Each structure stands twice: as structure tokens, then as C-alpha cells.
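This report goes through one structure, part by part. Please have the sequence and the 3D view open while reading.

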Number of protein chains: 2
Amino acid sequence: MRWDPAKDPREVKQLKPEIVGDFDTRNKILLAIRPDALAFLESRAVVKRLSQGQVLYTDGEPFTHAVFPHEGVTCLMAQMQDGRSVEKASIGNEGFIGISFIFGGGNSIGEPVVQVPGYASWISIEDLDEAIEIYPCVSDAMMRYAKSLTVQLMESVACNSLHKAEQRVSRWLLHAHDRVSSDTFQLTQQGISEVLGMRRATVSSVCHALMKEGALKYTRGNVTITDRRILEDNACECYDRIRLAFAGNGSVKTKDKSSPELDD
Amino acid sequence: MRWDPAKDPREVKQLKPEIVGDFDTRNKILLAIRPDALAFLESRAVVKRLSQGQVLYTDGEPFTHAVFPHEGVTCLMAQMQDGRSVEKASIGNEGFIGISFIFGGGNSIGEPVVQVPGYASWISIEDLDEAIEIYPCVSDAMMRYAKSLTVQLMESVACNSLHKAEQRVSRWLLHAHDRVSSDTFQLTQQGISEVLGMRRATVSSVCHALMKEGALKYTRGNVTITDRRILEDNACECYDRIRLAFAGNGSVKTKDKSSPELDD
DNA sequence: CTATATATGAACGTTACCGTACGTATAATA
DNA sequence: TATTATACGTACGGTAACGTTCATATATAG
């Protein structure tokens, strides 16, 4: 019996991460690497729930694991001095949490907070180092993600400078929708307002308009995307650009020198 | 006789890049690598002026050179469908233009446009590849920059969500000041308004307020920073965070395996 | 079943910034 | 020197989003 976030309304309260027994591998980095590399990583990975509000680790802290989400949305939050916090980047099954692993730095960047629940594979940096030693395709795939994350970040910088609340909310919902397996997922308007740095009242107003247009339904912490196209019409071009950057990752065939014993 | 941008008011019109004969190496990546690696790169580099308004290359275009600024500010611009453009990232002597070199992709990200004139070393990707083969410290230094660029981008995402025009203008001016050698540099209010995605009228109003406070002087395309501290008081915390990220780069001593014949 | 906490809707005046337009001073050009 | 272009100052009404507060509906807990 597979875990379905839409059928688990109590998930929100289970802040203590729990190990997920049976699951689908949906993380695109893991799906892009060679089967033997995937088998290696899966043998070392621990799959845990991502519970809404869960803080994976704090900014600047030395991190011990990279986290590869299969489902859900985790946001790297910036903590401002006045107490406000806002999203720096959002991560789903297209990527992984712990980007500074790529850069060789020991400290995390940003504070990852789960906004839409799901589940993820935790892999220790020791295991990852070992995997990369054997399977270069692993670091290749992570590096490709680093590039698309850079595109996401740049696009977000521009988007946050120019675009309006409704466009940005629509964009965020579309990204979230891409990162879950169901049209319905757990997400409060409060959550959206916090990641986008706007008032809940503004989000409420935007969502109300989107509901009237038929793009979505909202019921106490659960959104249902009823018409993506309407959402896409309301979103800015930034959505497509970021999606395009992520889309390139899985498909790009890497000239793989992995697994020497399997090399041609 | 060294070239001084503050003494060359006609520079703005010389859109055709010109080779700079005598210059100081101010680029922090180049200054951070081993002397022999620097000597190698300098033997291959071509030093050209960065002229205000110059477009180094266009978004998505295969790029042939990485550009290491010694002086000036170059912005990666996003071109929106409605014709507006806005900054995704700004680059000075702390980094280089052509970040996707790091990621192994052949295409550039964003359209680099010179906002504050200066000069830079152009190094072909072939020469860079060769250098990295011999001197790992080169890729180490570039990778460290990639990390701090990521920090810059994330901080900018958050900043653009939350902070006001005056804070953002102050922050941008401080970054620019860090990237030039003089307190006076060429920069129009129009230029600021375009990179920050706000009206020139808004920039004008902000600058007028900053002038009244004594932070700067403005005279037809030339800014003079007269009191950094006032500017820092008006800027948001994002300035310090980004500066800190860049500051770490030059000083971090890399466990260098470069240049085998010189290894200990 | 009742009480409490949570999520959303809706309203108020306020503020920051917008789009636009026009005037003015300085620099470049003829 | 006269003319044009550029950079900046300023002003107008308009609007998007702000901070705040209160009401309402639904879920959870006792």
C-alpha cells in the first residue's frame, strides 16, 4: 500500500519525520542516473516523510545528508533580521536539498522548510562521495541540477522585481503541482504568503480570483488544481522558463564513464 | 599610464571594446590562484574595455570566452516578453561572466550588459580548459565563485520580495562601489532603474534623498559615493550577506594539487 | 458535545510605487 | 554659437499591496 499524501490529512501534524516503507522513486536526479548507480544509492538511502513545517536543517549548519525529494515542495527560507522570512528557492523532485555539496562547501545555504508534504530519500554525504567515486553519472546529474537551479534563481530574481502577486502565486502553484503526484495537495494560504513575502490577505484575494476563474479549489489547507491552463494564463513567463530548465535535466544523456567495470 | 575610468568621460561612447594595454589585475579569482596559474592565464588573456551599454553576448548563445572583470559592473539581464528587462545578477571583479562554463553547459545564461564601465580579461574556454587541466586551483577558485554567486542569487530573490526601493538602490550602489577603484564612477539613474526594475523617477527620488543625507553626489551620469556608512545604513542586510559570501572566496586557502611539478 | 485552534473571507485606511508627462540643466554636435 | 540629445528633477492621478482587525467556518481536542 503506497502512501498517498492526499489521503493522509493528519500528515500535517506528524512533524517528526517517519521512515516510509514502500514508495515510488520519483526524484528526477535519481531516475536520470544509471540503474546500477541508482541501486547503489537506494541501498544506502533512508526514505522519510517530509512533513509540512518540518525544518530539515538550519542556515550555515554543517550538513550531513543530501535530501532527494520524490514528492512535495521544500523551500529554502531566508530569515531576515526583522523576523520575517521568505523563500530563496523551492525544491521538489527535480532536484535535491543540499546544493552546497556540489560546491564542496561544508555548510548549508538557506534553511529548508517543507511547505507541501511528501517524502524524500536521505543520503549521507559519505555515501554520496562514495557513489560519485564509482559512478560519475551521479555528480553529472547533480551538476546539471546545479545549473538549472541557477536558472531558477536568476529567473526568480527577475520575477520578484517585475511581476505581480497574482502572477507569482500562479507560478508558485504550478511549480508545486509539478512536484506532487495528485491534483490535490496540502498547502495553506499562509504558507504561500510566507514563501512569496506577501500578506495572507493578498494571497486570499488572489486565490479567490483564481477560484472564480475555475483554476483551483481551496478547502482549509488543501488546494486542488482544477484547470492548469487557466493557472498558466495567469502566471508569468518565468514559469515556463524555469520548467524548461528543469526539463532538460533528465533527458540530457550523459557521456557516462560510470562504473568502470561496466564501461565499454 | 594606467587607465582611469573616472578620467575618461568619453568612455561611454566607445561601444566598440578596445584592448587595454596597461592595467592592474584586480579580478579576485585571478588573484586567488597560484602565481604560475595566473601567469599562464595572463599569457592567454586579452584585456579589453567594458564600455557602458556593451552587450557581451546574448542569452542562450554558445559562448567562447569567460570574462574576468577587473573593474566595472556587468549585469546579467533578463529580457521579458513585454520588452522590459531587469537584472538577474550583477558581476564585478569578485567573479567572472560565463558561469555555465562551470556547469559544463555550452550555452550562456542571461545577457551580460555593462552598467558601470571598466575593463576585463577575456579568456577562451579552450585556454581555460587547458589551464584547469594543469592547475586545479583555477577550477577550485571558479567553483568557489559559483557558490558565492548562488548565495548572491538567493539573497537577491529574498531581497526583491521584501525590500523597498531605497534599500535596494543603496545595496546596488554599495556593490558597485566595491567593484570599482574610485569613489566616482559612471552610472545613470536610468541604468539603476533598469537593473532594479523600477521607474527612473523612483530612482531619482531615492537618489535625491540619499544626496540630502550626504551619502552621494550625482552629476549627469557620474555618481560619487561620499559616505559609505550612510549608504550602508539605508541598505538592507542583504548587502552584508552577499559581500560576506564574496569575501570568503579569495581568502579560503585551497588545498592545492595544482601544477604537479611544484607540489610539495 | 463543547471548547479551542486553525484557515479563510472581508474590510478599513495607508503607503509605495506605478505610468506618464513636462520642465530644466548640461553635454555633444553642427 | 546655435541646436540637439541626454540626464535629471518634479508633479499628477492611479493602483497594487501594505498593516491591521474582525468575522466566519471548519477541524481538532477535551
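In E4(B), Tyr119(B) is the bridge partner of Arg49(B). The model is a predicted one, and every value below is computed from it.

**The sheet of chain B**

E1(B) and strand E4 (residues 111–124) of chain B are paired in the antiparallel sense, over five bridges. They belong to an open sheet of four strands, with antiparallel pairing and the order E1-E4-E2-E3 in chain B. Strand E1 (46–50) and E3 of chain B stand at the edges, and each has a single partner strand, so one side of each is left without a neighbour in the sheet. On average, neighbouring strands of this sheet are turned by 30° against each other, direction ignored. As a general point, side chains in a regular strand alternate between the two faces of the sheet.

**Strand E2 of chain A**

In chain A, strand E2 (residues 65–79) has 14 of its 15 residues buried, so the strand is largely enclosed by the rest of the structure. A residue counts as buried here if 20 or more other C-beta atoms lie within 10 Å of its own. E2(A) pairs in the antiparallel sense with two strands, as the table shows.

E2(A) and E3(A) form a hairpin with five residues between the strands. Gly83(A), in this hairpin, takes a positive phi near 95°.

**Arg220 in both chains**

A positive phi also occurs in a residue other than glycine: that of Arg220(A) is near 45°. Arg220(A) lies in the loop between strand E6 (216–219) and strand E7 (222–225) of chain A. Is Arg220(A) buried or exposed? Arg220(A) is exposed, since 7 other C-beta atoms lie within 10 Å and the cut-off for exposed is 12 or fewer.

In chain B, phi of Arg220(B) is near 45°, again a positive value in a residue other than glycine. The loop that holds Arg220(B) runs between strand E6 (216–219) and strand E7 (222–225) of chain B. Arg220(B) counts as exposed, with 7 C-beta neighbours inside 10 Å.

**Helix H6 of chain B**

Helix H6 (residues 165–178) of chain B has 14 residues, which at 1.5 Å a residue should span 20 Å. Its end C-alpha atoms are 20 Å apart, which agrees. Ten of the 14 residues of H6(B) are buried, so the helix is largely enclosed by the rest of the structure. Among the buried residues are Arg168(B), Trp172(B), Leu173(B) and His175(B).

**How the two chains meet**

Chain B can be laid on chain A with an RMSD of 0.0 Å, by a turn of 180° and a shift of 0.0 Å along the axis. The two copies are therefore related as by a two-fold rotation axis. Which C-alpha of chain B is nearest the axis? It is that of Val157(B), 2.3 Å from the axis. The same surface serves both copies, as 100% of the contact residues of chain B recur in chain A.

The contact takes 31 residues from chain B and 31 residues from chain A. On the side of chain B that touches chain A, the elements giving two or more residues are strand E2 (65–79), strand E3 (85–91), helix H3 (100–103) and helix H5 (136–162) of chain B. H5(B) gives the most to this side, with 13 residues. By class, this side of chain B has 17 nonpolar, ten polar and four charged residues.

Notes:
Residues are numbered from 1 along each chain as its sequence is written. Chains are lettered from A and ligands numbered from 1 in the order in which they are written. This is a predicted model: local features need pLDDT of at least 70, side-chain atom pairs count only at pLDDT 80 or more; totals for chains, interfaces and linings use all residues. The expected span of a helix is 1.5 Å times one less than its number of residues. Copies are superposed by least squares on the C-alpha atoms of residues with pLDDT of at least 70 in both. Two residues are in contact if their C-beta atoms, placed from the backbone, lie within 7 Å. Ala, Val, Leu, Ile, Met, Phe, Trp, Tyr, Cys and Pro count as nonpolar, Asp, Glu, Lys and Arg as charged, and the others, Gly among them, as polar. Two strands pair if DSSP finds at least two bridges between them. Axes are lines fitted to C-alpha atoms, for helices over the stretch in contact, and angles run from 0 to 180 degrees between N-to-C directions.
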